[in-house]
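Keep the selection tool ready, and follow the stops in order.

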Amino acid sequence: MSLARYGARSAGFALLYLLALYAGHALDGALWPAAAVGAVWLVAQGAHGPRRFDALVMLVLAALVPSTGTLLDGVTQAIPQVVPAVLFAWLLDRWLPLYWHGVQGDLSRLVGASAVAAVAGAVLQGVMFPADFTFGTAGWAVVRDFLTVAVTVVVAKGLLKKEPRQKPGENYRETLRHRLDEVFHEDEKPAPRKRSHLRIVK
């Protein structure tokens with residue numbers, strides 16, 4: 001993927017994430033679409049390049065919406081939102097590698113990554129804002145973000161590219177190896193053959 005296309009995709013995800021932040025605050029946290037958009041953003045972009053720049057943009061947006069009085073307050077409100085998305089993408093890379101490239105695998109690993117990220121978000125929220133922490137609110141946040149992220153990632157992947165389901169088994173490693181070869185060698189082109197300037201004189 002070219003740098004220009006990667007940047008355009010990041011800009012599109014940033015716009016969606018910004019709209020999701022405003023929608024979540026308008027709903028007073030009853031639903032939090034930014035969790036799903038952030039997870040899809042980092043998973044999709046991480047499949048084609050480093051996601052640290054996308055995570056940085058996500059951190060800036062989460063710190064600005066809603067506006068706060070100081071930079072520290074903005075970063076404090078952004079950390080519980082961005083860290084779970086980064087954690088989810090990192091876990092998915094290790095538990096379900098190349099899922100975004102079509103290797104289906106065991107979806108229970110995706111469910112596990114979503115659950116861990118949701119719990120991490122609730123814990124960070126309680127640490128950053130202990131005065132607002134209650135077990136009822138934290139429990140709802142875990143269930144809300146877990147379901148939102150897991151369902152959205154599966155649906156988004158299915159809409160973007162439909163492929164036959166591949167269950168783990170004897171062919172799973174072969175499929176994974178094939179996908180790895182495609183990802184790491186997709187930009188490689190065969191070197192042009194050098195023409196010989198020697199002539200055979202009879």
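This is a predicted model: local features need pLDDT of at least 70, side-chain atom pairs count only at pLDDT 80 or more; totals for chains, interfaces and linings use all residues.

**Stop 1**

Show the side chain of Leu87. Leu87 counts as partly exposed, because its relative accessible area is 23% and that class lies between 20% and 50%. Next, select Ser114 and draw a line between the C-alpha atoms of Leu87 and Ser114. The line spans 9.0 Å, while the two residues are 27 apart in sequence.

**Stop 2: the whole chain**

Zoom out. The protein has seven helices and zero strands. Read from the N terminus, the elements run α-α-α-α-α-α-α. Of the 202 residues, 37% count as buried. The accessible surface comes to about 12,900 Å², and 65% of this belongs to carbon and sulfur atoms. Take contacts between residues at least 6 apart in sequence: 67% of them join residues at least 24 apart.

**Stop 3: the largest nonpolar core**

Which residues have the most contacts inside the largest nonpolar core? Select Tyr17, Phe88, Trp100, Leu110 and Val153 to see them. The core has 39 residues. Two or more residues come from each of α1 (3-26), α2 (33-46), α3 (52-64), α4 (71-95), α5 (107-128) and α6. The largest share, nine residues, comes from α2. In soluble globular proteins, nonpolar side chains tend to be buried together.

Stay with Leu110 and show what surrounds it. Beyond four places in sequence, Leu110 touches Phe88, Leu92, Leu96, Tyr99, Ala150, Val153 and Val154.

**Stop 4: two salt bridges**

How many salt bridges does a search of the whole structure find? It finds two. Side chains of opposite charge can pair when their charged atoms come close.

Begin with Asp93 and Arg51. Their side chains meet in a salt bridge, 2.8 Å from N to O. This pair links distant parts of the chain: Asp93 is in helix α4, Arg51 is in the loop between α2 and α3, and they are 42 residues apart. Arg51 is buried, at 16%.

Now move to Arg144 and Asp145. They form a salt bridge, with the closest N and O atoms 2.9 Å apart. Both Arg144 and Asp145 are buried.

**Stop 5: around Asp145**

Keep Asp145 selected. Asp145 is found in helix α6. Why does Asp145 count as buried? Its relative accessible area is 14%, and buried means under 20%.

**Stop 6**

Select Trp140, which has its place in helix α6 (residues 135-160). Trp140 counts as partly exposed, at 45% relative accessibility.

Key. Residues are numbered from 1 along each chain as its sequence is written. Side-chain values use heavy atoms; hydrogens and water are left out. Helices (H or I, at least four residues) and strands (E, at least two) are DSSP runs, numbered from the N terminus. Buried means under 20% relative accessible area, exposed over 50%, partly exposed in between (1.4 Å probe, protein chains only). A nonpolar core is a set of buried Ala, Val, Leu, Ile, Met, Phe, Trp, Tyr and Cys residues joined through side-chain atoms within 4.5 Å. Contact means heavy atoms within 4.5 Å. A salt bridge is a side-chain nitrogen of Lys or Arg within 4 Å of a carboxyl oxygen of Asp or Glu. Accessible areas come from the Shrake-Rupley method with a 1.4 Å probe; for residues, only the protein chains shown count as cover.
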